[in-house]
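Please keep the structure open while you read.

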Amino acid sequence: MGRRALRKIESSLDLSRNLRRLEELPRPWDQAAVFGRLAAMELEVGTGKGLFLRTAAAARPDVDFLGVEIAPRYARFAAANLARRGLTNALVVAGDAVRLLEELLPATCLAAVHLYFPDPWWKRRHKRRRVLRESLVGHVERTLQPGGSLHFWTDVEEYYHTGLDLIARETRLEGPFEVLEAPAQADMDYRTHFERRTRLHGRPVYRAEFRKAT
Ligand SMILES: C[S@@+](CC[C@H](N)C(=O)[O-])C[C@H]1O[C@@H](n2cnc3c(N)ncnc32)[C@H](O)[C@@H]1O
């Protein structure tokens with residue numbers, strides 16, 4: 001993502017409830033140990049600066065939100081925004097989303113998976129670095145509970161169609177279902193920072209939702 005300077009994090013801020021390295025998570029996975037309770041859990045892949053995580057965690061305190069972000073300084077930044085708001089139902093995991101899904105998360109543990117504006121890796125020889133790939137969609141299907149949903153939004157039309165083809169080919173998820181654009185009521189009233197940036201530049205956002213059969 002765009003590498004602008006990030007706001008400095010106060011050294012007094014306690015991130016212990018909102019930030020964990022992948023290697024620090026319990027194996028086998030133990031949601032009660034991670035969040036201190038058992039509740040419906042949703043995963044965001046590629047949290048970035050964390051707008052989705054903090055908005056969703058504040059709006060739905062009955063749900064636990066797990067964000068996974070491979071860039072450590074973005075993971076810290078997103079976690080700091082949660083800590084400043086005292087949100088204990090959201091945790092940023094610093095690490096690779098594919099590893100989190102492959103190595104840790106058990107079958108049917110997620111009510112939803114959110115994948116917003118994954119890096120497009122434009123150059124042909126770099127495209128295999130894209131996070132939306134066979135292994136990821138297979139694990140998304142495995143970890144979703146029946147009735148659970150996958151939300152995939154991007155500003156890259158080619159990535160959108162490649163993603164939809166991949167999901168149709170590799171999974172039995174139902175969809176894509178249409179997702180309508182909601183008008184923004186305030187400056188930060190967007191799903192993510194990248195959605196905000198894309199829409200403020202007047203560019204289209206491609207959105208799809210899939211569901212696992214009940
Ligand atoms: C273009 S940014 C979008 C951030 C955010 N979702 C948004 O919409 O504002 C993509 C993010 O995915 C992260 N990312 C890329 N590959 C990843 C992976 N394998 N696991 C976790 N995060 C990843 C990047 O570091 C970056 O922060």
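This is a predicted model: local features need pLDDT of at least 70, side-chain atom pairs count only at pLDDT 80 or more; totals for chains, interfaces and linings use all residues.

Residues are numbered from 1 along each chain as its sequence is written, and side-chain values use heavy atoms, with hydrogens and water left out.

**Helix α2**

Helices (H or I, at least four residues) and strands (E, at least two) are DSSP runs, numbered from the N terminus. Buried means under 20% relative accessible area, exposed means over 50%, and partly exposed lies in between (1.4 Å probe, protein chains only). Helix α2 spans residues 51–59, and its buried residues are Leu 51, Phe 52, Leu 53, Arg 54, Ala 56 and Ala 57. Their cover includes the strands β2 (40–45), β3 (63–69), β4 (90–94) and β5 (110–116). The helices α3 (72–84) and α7 (193–200) are also among the covering elements.

**Salt bridges**

Side chains of opposite charge can pair when their charged atoms come close. A salt bridge here is a side-chain nitrogen of Lys or Arg within 4 Å of a carboxyl oxygen of Asp or Glu. The count by this rule is 17.

| Pair | N to O distance |
|---|---|
| Arg 84 – Glu 10 | 2.9 Å |
| Arg 37 – Asp 64 | 2.7 Å |
| Arg 207 – Glu 181 | 3.0 Å |

Arg 84 and Glu 10 form a salt bridge. Arg 84 sits in helix α3 and Glu 10 in the segment before β1 (19–21), 74 residues apart. Arg 84 is partly exposed at 27%, and Glu 10 is partly exposed at 32%.

Arg 37 pairs with Asp 64. Arg 37 is in the loop between α1 (31–35) and β2, while Asp 64 is in strand β3, 27 residues apart. Arg 37 is partly exposed at 30%. Asp 64 is buried at 1%.

Arg 207 pairs with Glu 181. Arg 207 lies in strand β8 (206–211) and Glu 181 in the loop between β7 (174–177) and α7, so the pair ties together parts 26 residues apart in sequence. Arg 207 counts as buried at 9%, whereas Glu 181 is partly exposed at 44%.

Shared partners join Arg 21, Glu 23, Glu 24, Arg 27, Arg 99 and Glu 103 into one salt-bridge network.

**A positive patch**

Which residues gather in a patch of positive charge on the surface? They are Lys 123, Arg 125, Arg 128 and Arg 129. Patches are made of residues with over 30% relative accessible area and no salt bridge, with like charges joined within 9 Å and nonpolar side chains (Val, Leu, Ile, Met, Phe, Trp, Tyr) within 5 Å. Lys 123 is in the loop between β5 and α5 (134–143) and is partly exposed at 48%.

Technical notes. Contact means heavy atoms within 4.5 Å. Accessible areas come from the Shrake-Rupley method with a 1.4 Å probe; for residues, only the protein chains shown count as cover. Lys and Arg count as positive and Asp and Glu as negative; His and the chain ends are not counted. The place of a charge is taken as NZ of Lys, CZ of Arg, CG of Asp or CD of Glu.
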